[in-house]
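Have the sequence and the 3D view open as you read.

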Amino acid sequence: MTYSFDGMTYLVKTFGCQMNKHDTERVESMLDSRKMQRVEREELADVIVFLTCCVREAADTRLMGQVASLKNVPAPHGKRIIAVGGCIGQRDGEKLIDTLGHVDIVFGTHNVDELPALLEETLQAHQACVSLRDHSETANYEIPFHREHSFHAWLPIMKGCNNFCTYCIVPYVRGREISRPFEEIIREAEILVSDGVKEITLLGQNVNSYGRDLYGAPRFADILRRVGETGIQRLRFATSHPKDLSDETIAAFAETPACMPQLHLPVQSGSDRILKAMNRNYTVSHYLSLVEKMRYALPDISFSTDLIVGFPGENEEDFKATLELVRTVGYGQTFTFIYSKRAGTPAADLLDSTSASVIQERFNRLVEVVQESAYTQNLKELNQVVDVLIEGTSKRDATMLTGKTPKNQTVHMPLPEDVSIDDMVGHIIPVKIEETRTWYLRGHGIEMA
């Protein structure tokens, strides 16, 4: 007999990458289909699901703190069920039950589809449940999902990673690369377009290597071309590893009109010595040659990247090389991190005598250069008309619409009088940019000025 969840409430709390965001949509869909009701506050939730990330230590601390804070918060209907999934669930398994005694369910990165069954089991048996599927098993992509936005969809094309960067825990918790069949991806993209989706983001830990395990060679360029032919208006992808960015992919990117002129190309460091220690398998000169190729193929392209400060052994010369790289490329957006030691990775065993104060000072200097670069790139849009996909209203001002340009820049514009938000969200409209800031643009819809 199937357990009835009718009337129970739930809340999903998501940490980390876009893959976890997509898993959140799948979890919400599964719980919705069991007639559970989503709520926005912890005290209103009978079930709280944490989808976790373990790339940085702060994520562990955040999870432990938030779970611990729920211990004495009463649930609306009897006992609250706490489930921990994602990368920390995969990494720690039963240890989470021992560490946090009021956690009821732990599931791994390949076990999202099992959550309803695990909920039923723990409610009926009144005991904790742990399920960790082996990485080598085929991932289940067939779970329906409840999209956060009707106009945007995450479309996973592969899971796992074969790169084993020395600082990164992902291959150990997400497993080796497993690609979805080509036809399955195209079929899902076609369904999304027919459902009114305007923008698709292809997901994978390293999308550039898509298909190597299935077809003997990467077929990501083919994916870009075929998804671009479905009628989708905007196509993005994450994440792209520089060592696998082929000429074929660059050509497909430039020749597919739906591909937005923005590429996230994580570099991590501007020092060849540090890149080698990170096992990134490319040099700075190779990375810059990719940037040059992309700009030749698509002159107006904007780049974003990831940068780590304080990797073990990084000295001032290495750090200055990173600053120089940022100035040379001219990134529109940069995600900067202080190195976080992750147990089980090769870099965790490296010794480093650099003080925390020196690393923080370098980080602060990097932030200044990053901000200068972002503002310079945004300044190029001043007095230009750009197409903006309206996503909603500003969190700070409900009278201001917010959306994204093709280059993924945030744009704010006033909500026109006598126009409802619902009539604007999900539409792509031309906007005249009148003001540029470091992290956003401001303007007016030219048809409403």
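## A network of salt bridges

Asp60, Arg91, Asp92 and Arg342 are joined up in a network of salt bridges. A salt bridge here is a side-chain nitrogen of Lys or Arg within 4 Å of a carboxyl oxygen of Asp or Glu. By that rule, the count comes to 26 salt bridges. This is a predicted model, where local features need pLDDT of at least 70 and side-chain atom pairs count only at pLDDT 80 or more, while totals for chains, interfaces and linings use all residues. Residues are numbered from 1 along each chain as its sequence is written, and side-chain values use heavy atoms, with hydrogens and water left out.

Is each one buried, partly exposed or exposed? Arginine 91 counts as partly exposed because its relative accessibility is 27%, and aspartate 92 counts as buried at 13%. (Buried means under 20% relative accessible area, exposed over 50%, partly exposed in between, with a 1.4 Å probe and protein chains only.)

Lysine 79 pairs with aspartate 104, and their closest N and O atoms are 2.5 Å apart. Lysine 79 sits in the loop between helix H2 and strand S4, and aspartate 104 in the loop between helix H4 and strand S5, so the pair ties together parts that are 25 residues apart in sequence. (Helices, H or I with at least four residues, and strands, E with at least two, are DSSP runs numbered from the N terminus.) Lysine 79 is exposed at 54%, whereas aspartate 104 is buried at 9%.

Glutamate 316 and arginine 362 form another salt bridge, with closest N and O atoms 3.2 Å apart. This pair links distant parts of the chain, helix H13 and helix H14, 46 residues apart. Glutamate 316 is partly exposed at 26%, while arginine 362 is buried at 7%.

## An open sheet and its helices

Strands of a sheet pair through backbone hydrogen bonds, either parallel or antiparallel. Which order do the strands of the open sheet take? It's S7-S10-S11, three strands with parallel pairing; two strands pair if DSSP finds at least two bridges between them. The edge strands are S7 and S11, each pairing on one side only. S10 and S11 share five bridges, and leucine 202 has phenylalanine 237 in S11 as its bridge partner.

Helix H1 lies across S7, S10 and S11, at about 110° to S7. Helix H7 packs on the sheet too, touching S7 and S10, and its direction makes about 170° with that of S7. (Contact means heavy atoms within 4.5 Å; axes are lines fitted to C-alpha atoms, for helices over the stretch in contact, and angles run from 0 to 180 degrees between N-to-C directions.) The buried residues of H7, including Phe182, Ile185 and Leu192, pack against S7, S10, helix H8 and helix H9. Just after H7, glycine 196 takes a positive phi of about 95°.

S18 and S19 run antiparallel, joined by five bridges, and lysine 432 stands opposite histidine 444 in S19.
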